[in-house]
Amino acid sequence: MKCIILLFFLWLSTLSSSLFASSTENNTAEKKLVFSISGLSEKTDLFKRSQRMLDIISAKIGYDIELINPPFRRGKHMLIKGLIDADVGRSRNYYTPDETIRINEVTFTLPFYAFSKRDDIDTKDTDSLRKLRIVARRGLLFVEKFFEGSDVIYVDTLKSGFLFIHKGRADIFVTDGFSLLPLLESFNPGDLDIKRLTPPIATTPLYTFFHKSKADIARKFEAALIETKKEGTYFKILYGKEPAQTKPESDSLTKKNETLQKGNTPHNSKEQSTVE
């Protein structure tokens, strides 16, 4: 009889331990979020800076945030299906309004640059730029919209774009600042006498999108993002400068027609996308 009672208590103790462990695991899982940022290798400096920024925000909202880097379309599929919690660094309407929740606060500001061997090109003169021979990476929607009707040649890789300039087959090579980062770690356009023209042709704001079931987390994330900017932490981590020197510009493509929406309520937009 004593053996039966002892076995019963041992079973009860084991069951309690299992339930406690399961509960702990569930609580841990509930406190972990997975974000994606496409187009950046984990080895790039910007990816590492982005993870550090998310670490600061995670401490403010009470969730651990893991950053992954799937291909563009894979990241989009994962968010829509709920396989990840958020997608970082997308243009205003990369997702349709019924697919996700977009926060209003800008996460990154993406510049679009022109590279050339020429010294007589004014990047602020839009009309003159559109008369040049242009080469760009295929699939960059910004170029399709901004240079509509211009003489544009599309190539499959960034290096091909630089080679077009080097061989004199185009006047400017247009690309975004983020896509360049991995290539520039092993390739210097200056070796081909190609320079980046300043200022950027345009800048566009990029946002963070959340799965439609994460509205509460989206609000907390946005509030924390705004707070890190006010504190100056955001700018120091991402740019290594003070806020006044790196204040994001408004979208130069859309400001001609509208004022960017401001506020703290996550929502979606129906504008045309300019970059993946």
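Q: Are Phe-115 and Phe-162 buried or exposed?

A: In this predicted model, Phe-115 and Phe-162 are both buried. Burial here means a relative accessible area under 20%.

Q: How many aromatic pairs are there, and why is the pair of Phe-115 and Phe-162 classed as edge-to-face?

A: Ring pairs are classed by the angle between their planes, and an angle over 60 degrees counts as edge-to-face. The count comes to 12 aromatic pairs. For Phe-115 and Phe-162, the ring centres are 5.1 Å apart and the planes stand at 85 degrees, so the pair is edge-to-face. This pair links distant parts of the chain: Phe-115 belongs to strand β5 (residues 108-116) and Phe-162 to helix α6 (residues 158-166), 47 residues apart.

Q: What is the geometry of the pair formed by Phe-146 and Phe-147?

A: Phe-146 and Phe-147 also form an edge-to-face pair, with 5.0 Å from centre to centre and 70 degrees between the planes. Both residues are buried.

Q: Which charged ends sit over the rings of Phe-164 and Tyr-113?

A: Such an arrangement is read from the position of the charge relative to the ring centre and the ring normal. Over the ring of Phe-164 sits the charged end of Arg-169, 4.1 Å from the ring centre. Over the ring of Tyr-113 sits the charged end of Arg-196, 4.1 Å from the centre of that ring.

Q: Which residues have the most contacts inside the largest nonpolar core?

A: A nonpolar core is read as a set of buried residues joined through side-chain atoms. The largest one has 49 residues, and those with the most contacts inside it are Phe-35, Phe-147, Ile-172, Ile-201 and Phe-210. Helix α2 (residues 45-61) gives the most to this core, namely 6 residues. A second, separate core has 15 residues, among them Phe-115, Ile-165, Leu-183 and Ile-194.

Q: What does Phe-210 contact, leaving aside neighbours within four places in sequence?

A: The contacts of Phe-210 beyond those neighbours include Phe-35, Leu-79, Ile-101, Ile-217 and Phe-221, as well as Asp-85 and Thr-100.

Q: Where is Thr-208 placed, and is Thr-208 buried or exposed?

A: Thr-208 lies in strand β10 (residues 202-211). Thr-208 has a relative accessible area of 0% and is therefore buried. The side chain of Thr-208 makes a polar contact of 2.7 Å with the side chain of Thr-107. Not counting residues up to four places away in sequence, Thr-208 touches several residues, including Ala-86, Asp-87, Arg-102 and Phe-221.

Technical notes. Residues numbered from 1 in each chain as written. Predicted model: local features only at pLDDT ≥ 70, side-chain atom pairs only at ≥ 80, totals over all residues. Heavy atoms only, no water. Phe/Tyr/Trp six-rings, centres within 6.5 Å; stacked < 30°, edge-to-face > 60°. Helix = DSSP H or I, 4+ residues; strand = E, 2+ residues; numbered from the N terminus. Buried < 20%, exposed > 50% of the residue type's maximum accessible area, 1.4 Å probe, protein only. Lys NZ or Arg CZ within 6 Å of the ring centre and 35° of its normal. Core = buried A, V, L, I, M, F, W, Y, C linked by side-chain atoms within 4.5 Å. Contact = heavy atoms within 4.5 Å. Polar contact = N/O pair within 3.5 Å; in protein donor to acceptor, adjacent residues only side chain to side chain.
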